[in-house]
Amino acid sequence: MNYPHLSPKAAEQLNLDDLARIEYIRSPRWIGYPQAQQILTKLEDLLVFPKQNRMPNMLLVGDTNNGKTMLVSHFLRQHPAHDNPNGNGIIAPVVLIQAPPTPDESRFYNAILDLLFAPYKAHDRTDKKLAQVLHLLKYINTKMLIIDEIHHILSGSLNKQKTFLNVIKYMGNELQIPIVGVGIKDAYRAIQTDSQLANRFEPAVLPRWEMDKNFLRLLMSFERMLPLKQPSNLHEISLATRLYSMSEGYIGELSRLLTQVAVTAIQQKTECSNEPILQSINWILPSQRKRQLDKLL
């Protein structure tokens with residue numbers, strides 16, 4: 001039986017039982033929409049940039065749940081660590097690390113050392129940890145360091161912020177590799193507090209989606225990846241408008257919404273995402289969730 005509304009890989013999943021299909025639907029997926037592809041191209045250019053004293057950097061900025069972490073995680077999967085046939089260790093061209101909740105230099109080094117499975121003592125001097133981190137990143141031939149949630153810098157005192165920014169600047173200079181910061185709009189404000197770093201970090205923005213042809217194409221891409229037996233026609237204007245309103249233009253929210261709807265469609269044996277299912281899932285708008293959380297805090 002043919003399923004023209006599905007990609008070949010998604011169509012294959014229809015041979016699985018419902019539980020296996022639901023597991024597949026809930027698994028992470030990547031959709032290469034134009035804005036993301038443009039940023040990926042810039043990251044590829046940075047990765048092969050020749051070493052020099054002032055390496056170019058990038059600051060990837062966007063609202064929460066709008067695809068930033070998914071994008072850099074996809075880039076990491078495109079450049080995974082692999083065995084080094086000419087040495088004892090591995091080669092890790094891209095290292096992705098999350099900034100600590102506060103701009104703590106020692107905790108930042110701990111996170112990198114933990115990621116690299118390197119032995120260390122938590123109470124070692126920070127200069128010793130820094131030396132170890134630099135040595136290891138050189139040893140595994142790292143060509144790019146990505147720091148997610150870099151806006152956490154702003155959660156510390158001005159002195160701690162300045163120290164943490166100096167660490168980033170020093171590591172970039174010492175390793176001669178591009179550094180990519182990832183965060184919400186506050187990340188731009190954090191980097192701007194250091195004029196030298198501000199000049200080196202080129203902003204790249206992932207804006208919220210508009211209700212336009214690009215959003216309709218995005219819905220068509222989602223539909224091709226969700227293994228439902230019947231076409232949902234997510235791109236039809238009435239349904240697309242409802243999905244845009246419920247996701248409020250955030251791709252992360254849209255992905256979560258469509259996942260929940262597709263799972264419900266399998267459980268209810270309807271095999272397509274439609275308006276009745278959207279009404280049945282008790283979806284709370286992202287802005288409403290934020291207001292509820294703000295009241296609790």
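Is Arg-125 buried or exposed in this structure? Arg-125 is exposed, because its relative accessible area is 56%, where exposed means over 50%, buried under 20% and partly exposed in between, with a 1.4 Å probe and protein chains only. The close-ups below show a predicted model, in which local features need pLDDT of at least 70 and side-chain atom pairs count only at pLDDT 80 or more, whereas totals for chains, interfaces and linings use all residues. Residues are numbered from 1 along each chain as its sequence is written, and side-chain values use heavy atoms, with hydrogens and water left out.

View 1. Side chains of opposite charge can pair when their charged atoms come close. A salt bridge is counted when a side-chain nitrogen of Lys or Arg lies within 4 Å of a carboxyl oxygen of Asp or Glu, and by this rule the count comes to 13.

**View 2. The salt bridge between Glu-271 and Arg-21.** The side chains of these two residues, Glu-271 and Arg-21, meet at 2.8 Å, N to O. This pair links distant parts of the chain, 250 residues apart, with Glu-271 in the loop between α12 (251-267) and α13 (275-280) and Arg-21 in helix α2 (residues 18-26); helices (H or I, at least four residues) and strands (E, at least two) are DSSP runs, numbered from the N terminus. Both Glu-271 and Arg-21 are buried.

**View 3. Aromatic pairs around Phe-108.** A pair of aromatic rings is described by the distance of the centres and the angle of the planes. Rings of Phe, Tyr and Trp (its six-membered ring) pair if their centres lie within 6.5 Å, and planes under 30 degrees apart count as stacked, over 60 as edge-to-face and the rest as tilted. A search of the whole structure finds 5 aromatic pairs, one of which joins Phe-108 and Tyr-109 in a tilted arrangement, 6.2 Å centre to centre with 45° between the planes. Phe-108 also pairs edge-to-face with Phe-164, at 5.1 Å centre to centre and 65° between the planes, and this second pair links helix α5 (residues 105-115), which holds Phe-108, to helix α7 (residues 158-175), which holds Phe-164, across 56 residues. Phe-108 and Tyr-109 are buried, and Phe-164 is buried as well.

**View 4. The buried face of helix α4.** In helix α4 (residues 68-78), the buried residues are Lys-68, Leu-71, Val-72, His-74 and Phe-75. Seen down the axis of α4, these buried residues fall within an arc of 150°, so they line one face of the helix, the arc being that of the directions from the helix axis to the C-beta atoms. What covers them includes α3 (34-47), β1 (57-62) and β4 (94-98), where contact means heavy atoms within 4.5 Å.

**View 5. Thr-241 in helix α11.** Thr-241 has its place in helix α11 (residues 237-247), and this residue is partly exposed, with a relative accessible area of 39%. Thr-241 and Leu-71 are 170 residues apart in sequence and 25 Å apart in space, C-alpha to C-alpha.
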